[in-house]
Amino acid sequence: MSSVRLPPAPSWSSSGTHVSTTSSTTRGKPIASKSHVPSPTSNLEPVMTIKSLLASLASKKGESLSLPTLMFKALDDIIINFLDPPIKPSLDPRTVLSGNFAPVDELPPTECEVLEGSLPQCLDGMYIRNGPNPQFVPHGAYHLFDGDGMLHSIRISRGRATFCSRYVKTNKYTVKHNLGSPVFPDIFSGFSGGMASAARSALFLARVLTGQFNPFNGIGQANTGLAFFGNGLYALAEYDLPYSMHLTPDGDIETLGQHNFEAYAYKYNPFFPPFLAVFKFDGDGMKHPDVPVLSLSCPPFLHDFAITRKYAVFPDNQMGVNHKGVVLGGSIVGLNPRKVPRIGIIRRDVESGSEMRWFDVPGCNIMHIVNAWDEEDDDGNDVVVMVAPNIMSAEHFLERMDLVHGLMEKITVDLKDGKVSRRPISAMNLDLSVINPAYIGKYSRYVYAGVADPMPKVSGVVKLDLAKREGTGDCVVASRNYGPVCYGGKPFFVARDPECPEGKEDDGYIISYVHDEKANESRFLVMDAESPDLDVVAVVKLPQRVPYGFHGIFVRDRDLNML
């Protein structure tokens, strides 16, 4: 899930089976911070043979590794070299991890230099961004979405900045770190061929039976997003429970362990029905029973959702869990071209999942929702309005992001007659968008969107004004380009004075990490959200590269003190 929607009213939530685990200091040999990633077979002979694999196994007997560990490593090499099909360019680590996609080492809190301007006082707090950062050079196929989660944070206090990069010490990370190799097939790249998938699954089962890995302690990398809820900070990914994080006074980041976090708004099971269930908390923090939604005939790929004052909104796009991919080979997540995309809307005070209403929206594949709100028409009937980028050419989403176009649309659903209307609000390739967080779930006029070049690389940010009258063309009213070969990620909006109820919606700052590929340097940018050109008011030089990643969050000083 990309974010947690938390308005003042009770929100939806999700959880899963919980087995608590606490991370500890572990051994291992993380990969170094390099712009070039070696070939996955760079340490192997030109033609690998069974004999050479056995010889390699024998040469490692002196290492402090158990015999089962050595055997499993050798079997893993056999699968990669003899059973896996040729690696696609989209899964070749030499391509996927090139340039600023290459991983970096952890970095303890390090003071930064403010190159331009000064940091506004309202930014006192910490900006943290999540993203994939594999700890070991992949031995075979690798997808960007499969990397270990790493948090890159910048702590701001009285005009000074401190930067830090730390792994999320998930169960999967810790086991890999101890053994020095992967132990669980990656979701997006671990099922590349029928025979190889079967062999890799059998090898994983053997590791479980010998006690090397307990999947009930967690299988995810927590590499996607972050949420601040109930005075806690959590690192998130779709297919696992979140991990509780602690931010120290000096700007460091510590993993406390897996947490039975119950504020997701929904949970879904990718293998067995019900594939979706929703539940909520009341104003006293009491969790209500799960409400299973049985109207999904196949497991969806739910990455985001939205809430309004009255409703929860779920996009059901053509992406979904592909069970055949596990058996026959291929990604476990795939696109079904015969499926008609839908939008599901259910009341937040619902007691039965049968009240979920689905509305067909052909050709509309939504991964991220910017915002949603409900209105009343002239007759007093409810209408739900949603703003989201429609992923054009969604069949390329997992393999050719350069062919994907995010068309920002305003979608209106009339709940009385079921009519759905759609209006493009910009022809630009936009995604990874944000609004003023105080306007989540209600009408918001302004949207700040990343300009894809392609995703997840962002060449700049634009400001959209949804109040522009229909028929007047593009809603872009301000923009900021980061410069030649300079790319950032998802921007984030920080209000100048969030406690002022009469403050203007766009009175604040847009912040983002930006990387200069020519100089191979990363910076932290602060932009004036209200200015016509999104003027840069501060630039901070970072002590090391920040690889391109996913979603982030800003935590104010007063909230940091509660962690």
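How many salt bridges does a search of the whole structure find? The search finds 25 salt bridges, a salt bridge being a side-chain nitrogen of Lys or Arg within 4 Å of a carboxyl oxygen of Asp or Glu. The model is predicted, so local features need pLDDT of at least 70 and side-chain atom pairs count only at pLDDT 80 or more, whereas totals for chains, interfaces and linings use all residues. Residues are numbered from 1 along each chain as its sequence is written, and side-chain values use heavy atoms, with hydrogens and water left out.

**Figure 1. Overview of the chain.** The secondary structure comprises seven helices and 32 strands; helices (H or I, at least four residues) and strands (E, at least two) are DSSP runs, numbered from the N terminus. Of the 563 residues, 57% count as buried, where buried means under 20% relative accessible area, exposed over 50%, and partly exposed in between (1.4 Å probe, protein chains only). Among contacts with a separation of 6 or more, 64% are made by residues 24 or more positions apart; a contact means heavy atoms within 4.5 Å. The chain exposes about 23500 Å², of which carbon and sulfur atoms supply 53%, by the Shrake-Rupley method with a 1.4 Å probe; for residues, only the protein chains shown count as cover.

**Figure 2. The salt bridge of Asp 148 and Lys 176.** The two side chains meet at 2.9 Å, N to O. Asp 148 lies in the loop between strand 4 (125-132) and strand 5 (149-157) and Lys 176 in helix 4 (residues 171-179), so the pair ties together parts that are 28 residues apart in sequence. Asp 148 is buried at 2% relative accessibility, and Lys 176 is buried at 8%.

Figure 3. Arg 496 and Asp 507 meet through their side chains at 2.5 Å, N to O. Arg 496 is partly exposed, with a relative accessible area of 34%, as is Asp 507 with 21%. Glu 499 forms a salt bridge with Arg 558, their closest N and O atoms being 3.0 Å apart. Arg 558 is partly exposed at 41%, whereas Glu 499 is exposed at 55%.

**Figure 4. The aromatic pair of Phe 163 and Tyr 513.** The structure holds 13 aromatic pairs, for which rings of Phe, Tyr and Trp (its six-membered ring) must have centres within 6.5 Å; planes under 30 degrees apart count as stacked, over 60 as edge-to-face and the rest as tilted. Phe 163 and Tyr 513 pair edge-to-face, at 6.1 Å centre to centre with 80 degrees between the planes. The pair links strand 6 (residues 160-167), which holds Phe 163, with strand 29, which holds Tyr 513, 350 residues apart.

**Figure 5. Lysine charges over tyrosine rings.** A charge sits over a ring if NZ of Lys or CZ of Arg is within 6 Å of the ring centre and within 35 degrees of the ring normal. The charged end of Lys 442 sits over the ring of Tyr 439, 5.2 Å from its centre. The charged end of Lys 463 sits over the ring of Tyr 446, 4.4 Å from its centre.
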